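Please consider the sequence and the three-dimensional structure shown below.

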Amino acid sequence: MELLKRPRRLRTNPLIRTMTRETRMDASSLIYPIFVKEGNHIKEEIPSMENQYRYSVDMLPEALHEAADAGVKSVMLFGIPDSKDEFGSGAYAEDGIIQRALRIAKKECPEMYLITDVCMCEYTSHGHCGILNGDRVDNDATLPYLANIALSHVVSGADMVAPSDMMDGRIKEIRTLLDKKGYKDTPIMSYAVKYSSAFYGPFREAAGSAPAFGDRKSYQMDYHNRKEALKETLLDVEEGADIIMVKPALSYLDIIREVANKITLPVAAYSVSGEYAMIKAAAKCGYVDEDSIICETATSIYRAGADILITYYAKELAKFIKDGRIG
């Protein structure tokens with residue numbers, strides 16, 4: 001049989017397959033999420049997220065050095081305070097959990113790039129992401145709080161802030177305050193496309209951030225919607241976002257592609273706690289090969305258009321990239 005075109009020619013051995021690979025990854029594009037809590041000498045495993053931990057501030061350098069040793073250069077910090085109130089005051093306190101964590105991290109691991117989650121749900125007594133007016137989150141009343149949280153993080157050493165609250169107008173509010181205070185070069189990674197998702201379950205246990213009543217569907221996005229993702233994206237681009245994030249990742253690969261096709265800014269994707277927990281559970285049962293699934297799912301996210309991947313498997317992926325298994 002005479003065939004002029006044979007796609008299999010470029011698959012005949014590992015060298016040619018790697019040479020002609022379309023999707024490329026680098027460990028510098030990985031971000032590892034870390035949970036920091038009050039207390040001392042604490043490193044406690046999160047029950048629903050095997051091999052993920054909550055660290056006290058004094059133990060945070062251990063987590064950072066471990067990530068750095070694996071080849072991860074950036075982390076995202078989430079705070080778990082001891083006390084909460086109606087206004088989430090611990091989120092912007094000078095001696096808040098994240099503020100102290102940032103100062104320690106900058107001192108002990110100056111080479112690590114520090115990104116902070118900017119939200120109120122971990123700090124409010126009601127567990128919602130903003131200021132309440134009755135039983136409703138008041139969008140406009142929340143904006144100054146979010147800006148002050150972001151500013152307090154940057155003052156304490158954050159290299160980048162990542163607002164995850166999904167309030168309308170918060171990117172402009174944060175950008176305006178940071179610029180006014182002299183932090184014009186601090187980038188904002190916007191959780192621009194954050195869906196109301198059941199995949200967040202393990203995270204809410206890890207961070208103690210489940211709402212005390214109701215849900216977050218009035219401010220997080222309806223997972224039925226595609227065009228709305230582009231609307232949210234373009235609004236945040238106009239307001240001064242530097243990176244646009246899609247969250248979750250695996251069930252929203254089409255959205256990652258839509259966003260990547262629409263904008264020139266870098267696109268991040270957050271492979272969330274539920275995605276991690278499902279892979280862990282399936283691997284533990286022997287249903288899948290964990291390492292292979294880690295590589296395949298991460299590649300699918302980059303292939304969809306992500307430039308940056310936030311993932312609890314960042315350390316493993318960095319090692320796989322170094323070993324040439326993916327990348």
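**A guided reading of the model**

In helix H7, the buried residues are Ala 229, Leu 230, Glu 232, Thr 233, Asp 236 and Glu 239. The structure under discussion is a predicted model. The buried residues of H7 have several partners: they pack against H5, strand S9 (189–194), strand S10 (243–247) and helix H8 (253–262). The length of H7 can also be examined. Helix H7 covers residues 227–239, and its 13 residues, at 1.5 Å a residue, should span 18 Å; the end C-alpha atoms lie 19 Å apart, so the two values agree. Just after H7 comes Gly 240, which takes a positive phi of about 115 degrees.

Arg 175 lies in helix H5, which comprises residues 170–180. Is Arg 175 buried or exposed? Its relative accessibility is 11%, and the limit for a buried residue is under 20%; Arg 175 therefore counts as buried.

At the start of H4, a side-chain oxygen of Asp 138 reaches to within 3.3 Å of the backbone nitrogen of Asp 140. The buried residues of H4 include Asn 139, Thr 142, Leu 143, Leu 146 and Ala 147, and among them are also His 153, Val 154 and Ser 156. Which elements do the buried residues of H4 pack against? They pack against helix H3 (97–108), strand S5 (113–118), strand S7 (136–137), strand S8 (160–163) and H5. Just after H4, Gly 157 takes a positive phi of about 130 degrees.

His 41, although not a glycine, has a positive phi of about 55 degrees. This residue is found in the loop between strand S1 (30–37) and strand S2 (43–46). His 41 has a relative accessible area of 67%, and the limit for an exposed residue is over 50%; His 41 is therefore exposed. Asn 51, likewise not a glycine, has a positive phi of about 75 degrees, and its place is in strand S3 (residues 49–56). At 33% relative accessibility, Asn 51 counts as partly exposed.

The backbone has a further feature at Pro 248. A cis peptide bond joins Lys 247 and Pro 248, with omega at about -10 degrees. Pro 248 is found in the loop between S10 and H8.

The cysteines come next. How many disulfides does a search of the whole structure find? The search finds zero. Cys 121 illustrates this: the cysteine sulfur closest to its own belongs to Cys 119, and the distance of 4.0 Å is too far for a bond. Cys 121 is buried, with a relative accessible area of 6%. Cys 109 counts as buried as well, at 0% relative accessibility.

The last topic is empty space. Rolling a probe the size of a water molecule over the atoms shows where such space is left. The count of cavities of 30 Å³ or more comes to three. The largest cavity has a volume of about 140 Å³. Its lining consists of 17 residues, of which Lys 194, Tyr 200, Phe 203, Arg 216 and Lys 247 lie nearest its centre. The elements that contribute two or more residues to this lining are S9 and helix H6 (201–207). The largest pocket, in turn, holds about 250 Å³ of space. Its lining has 15 residues, and those nearest its centre are Asn 139, Met 166, Asp 168, Ser 218 and Tyr 219. Which element gives the largest share of this lining? The reading returns here to H7, which gives four residues.

Conventions:
Residues numbered from 1 in each chain as written. Predicted model: local features only at pLDDT ≥ 70, side-chain atom pairs only at ≥ 80, totals over all residues. Heavy atoms only, no water. Buried < 20%, exposed > 50% of the residue type's maximum accessible area, 1.4 Å probe, protein only. Expected span 1.5 Å × (residues − 1). Contact = heavy atoms within 4.5 Å. Disulfide = S-S within 2.5 Å. 1 Å grid on protein atoms, 1.4 Å probe; cavity = no way out; pocket = protein on both sides within 12 Å on 5 of 7 lines; lining within 4 Å. Points joined across faces, edges and corners; volume = space filled by probe spheres on them. Polar contact = N/O pair within 3.5 Å; in protein donor to acceptor, adjacent residues only side chain to side chain.
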